[in-house]
Amino acid sequence: MSAVDALLARARSELVRLDPREAAELQKAGGLLVDIRYAELRERDGTIPGALIVERNELEWRLDPTGEHRAPEATHHDLPVVVICNEGYASSLAAVSLRQLGLHRATDLTGGFQAWRAAALPVETGAE
């Protein structure tokens, strides 16, 4: 097993990952979906309605409830957060990083945005 595969396995062992329908329900209940995909992927494939867009390199600064650069949605450490990348790999590592900041309910979406779209859940595109 490669070092990065081992790191990913350790990260995922800390998470209760959600499938697309579970993530949609969590969003309806007040949880925050955070899309960390880069702009080209969002432009190509669309976005999840209501998801906060934060590219990966800014994630910790924007989601830290104690930080001066936080997003308005990052209100407290008990906030349920689901990190979404394209296919569900980078999001696992990102969710663990948020947990290390104290966001103990952070997790990620199994299969990422592609799984969300495959589940026929709402997607906004520039053509709409």
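Biologist: Is Leu93 buried, partly exposed or exposed?

Modeller: This is a predicted model, and the class follows from relative accessible area: under 20% is buried, over 50% is exposed, and partly exposed lies in between. Leu93 has a relative accessible area of 31%, so Leu93 is partly exposed. The residue belongs to helix α5, which spans residues 90-100.

Biologist: Which residues touch the most other members of the largest nonpolar core?

Modeller: In soluble globular proteins, nonpolar side chains tend to be buried together. Here the largest nonpolar core has 21 residues, and Val34, Leu59, Leu63, Val81 and Leu98 touch the most other members. Two or more residues come from each of β1 (32-35), α4 (59-63), β3 (81-84) and α5. Helix α5 gives the largest share, 4 residues.

Biologist: What does Leu98 touch, leaving out residues up to four places away in sequence?

Modeller: Its contacts are Leu59, Glu60, Leu63, Val81, Val83, Leu103 and Ala106. Another core, of 13 residues, lies apart from the largest one; Ala24, Ile48, Trp116 and Leu121 are among its members.

Biologist: Where does Gly126 lie, and is Gly126 buried or exposed?

Modeller: Gly126 is in the segment after α6 (112-118). Its relative accessibility is 80%, and the cut-off for exposed is over 50%, so Gly126 counts as exposed.

Biologist: How many residues apart in sequence are Gly126 and Gly46, and what is their distance in space?

Modeller: They are 80 residues apart in sequence, while their C-alpha atoms are 7.0 Å apart.

Definitions and conventions. Residues are numbered from 1 along each chain as its sequence is written. This is a predicted model: local features need pLDDT of at least 70, side-chain atom pairs count only at pLDDT 80 or more; totals for chains, interfaces and linings use all residues. Side-chain values use heavy atoms; hydrogens and water are left out. Buried means under 20% relative accessible area, exposed over 50%, partly exposed in between (1.4 Å probe, protein chains only). A nonpolar core is a set of buried Ala, Val, Leu, Ile, Met, Phe, Trp, Tyr and Cys residues joined through side-chain atoms within 4.5 Å. Contact means heavy atoms within 4.5 Å.
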